[in-house]
Amino acid sequence: MTYGAAARLSKLAAALVILLGLALPAAAAGPVTIAALGDSLVQGYGLPPERGLVPQLQDWLRERGEAATIQNAGVSGDTTAGGLSRVDWTLSGEIDAMIVALGGNDLLRGIDPAVSRDNLQGILEAAAAGDVPVLLVGISAPGNYGPDYKAAFDAMYPELAEAYGTLYHPGFFTAFAAGPDDPAAMRRYMQPDGIHPNAAGVSVIVDEIGPVVRDLIDRAR
């Protein structure tokens, strides 16, 4: 083989490698492990193990070819303070990304939004220190604590997401098309306690949040 032919063959081989690399699906970039840090909504309160948020989201991702594993770090009754106390432990394994969905129990206890903000900030700082991308899931406060409380509580999620450059989703219950102000629509997706989604409600939530979790997976890669 002449030098010129060998050079042309080498260039052709390099071009094929590049083309093949571009043709690989995103999931082939390697598996991603996501920790879902949250309360009973993440933990799957009141539902069969396979019908909770984490397993349904896991199935949703796999059906779309995503090589991702979600670790359930949800604890029923947990507050933002509880999440902060265990975030280092949650991130101690081989975690590539984290979903943070906390604050509902802070609302139930009427905790000062400034305290909740500090706790969430500590969680995001821990993730940033470990170079772990985050999807922060917000929640909307009811009006019974007054307009100032509601404004401060509702604002902390998007503000923290912007400050720390995280992905942001406004809340699990925004997935219900008729909105939280329609009691009949909410009952269709809620357990009898009126607080936790049933399996059908979780399915709706997963369809809504799934694409954002795929963005999180892309960031982790």
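Is Thr 80 buried or exposed? Thr 80 is buried, with a relative accessible area of 0%; buried denotes under 20% relative accessible area, exposed over 50% and partly exposed the range in between, for a 1.4 Å probe and protein chains only.

## Basis of the model

The model is predicted, so local features need pLDDT of at least 70 and side-chain atom pairs count only at pLDDT 80 or more, while totals for chains, interfaces and linings use all residues. Residues are numbered from 1 along each chain as its sequence is written, and side-chain values use heavy atoms, with hydrogens and water left out.

## Surroundings of Thr 80

Thr 80 belongs to helix H4 (residues 80–90). Helices (H or I, at least four residues) and strands (E, at least two) are DSSP runs, numbered from the N terminus. The side chain of Thr 80 makes a polar contact with the side chain of Asn 119 at 3.0 Å. A polar contact is a pair of N or O atoms within 3.5 Å; within protein, one must be able to donate a hydrogen and the other to accept it, and residues adjacent in sequence count only if both atoms are side-chain atoms.

Leaving aside residues up to four places away in sequence, Thr 80 touches Leu 102, Gly 103, Asp 106, Ser 116, Asn 119, Leu 120 and Ile 123, where contact means heavy atoms within 4.5 Å.

## Helix H3

The buried residues of H3 are Leu 53, Val 54, Gln 56, Leu 57, Gln 58, Trp 60 and Leu 61. Their cover includes strand E1 (32–38), helix H2 (40–43), strand E2 (68–74), strand E3 (97–101) and helix H9 (199–220). Asp 59, also found in helix H3 (residues 53–63), is partly exposed at a relative accessible area of 40%. Asp 59 and Thr 69 are 10 residues apart in sequence and 9.7 Å apart in space, C-alpha to C-alpha.

Arg 64 lies over the face of Trp 60, at 3.8 Å from the ring centre; the criterion is NZ of Lys or CZ of Arg within 6 Å of the ring centre and within 35 degrees of the ring normal. Just after H3, Gly 65 adopts a positive phi of about 80°.

## Aromatic cluster

Rings of Phe, Tyr and Trp (its six-membered ring) pair if their centres lie within 6.5 Å; planes under 30 degrees apart count as stacked, over 60 as edge-to-face and the rest as tilted. The count by this rule is 3 aromatic pairs. Tyr 145 and Tyr 149 form a tilted pair, 4.7 Å centre to centre with 40° between the planes. Tyr 145 is partly exposed at 33% relative accessible area, whereas Tyr 149 is buried at 12%.

Tyr 149 and Phe 153 form a stacked pair, 6.1 Å centre to centre with 10° between the planes. These two residues are 4 residues apart in helix H7 (residues 147–164), so about one helical turn separates Tyr 149 from Phe 153. Phe 153 is buried, with a relative accessible area of 0%. Ring pairs link Tyr 145, Tyr 149, Phe 153 and Tyr 157 into a cluster.
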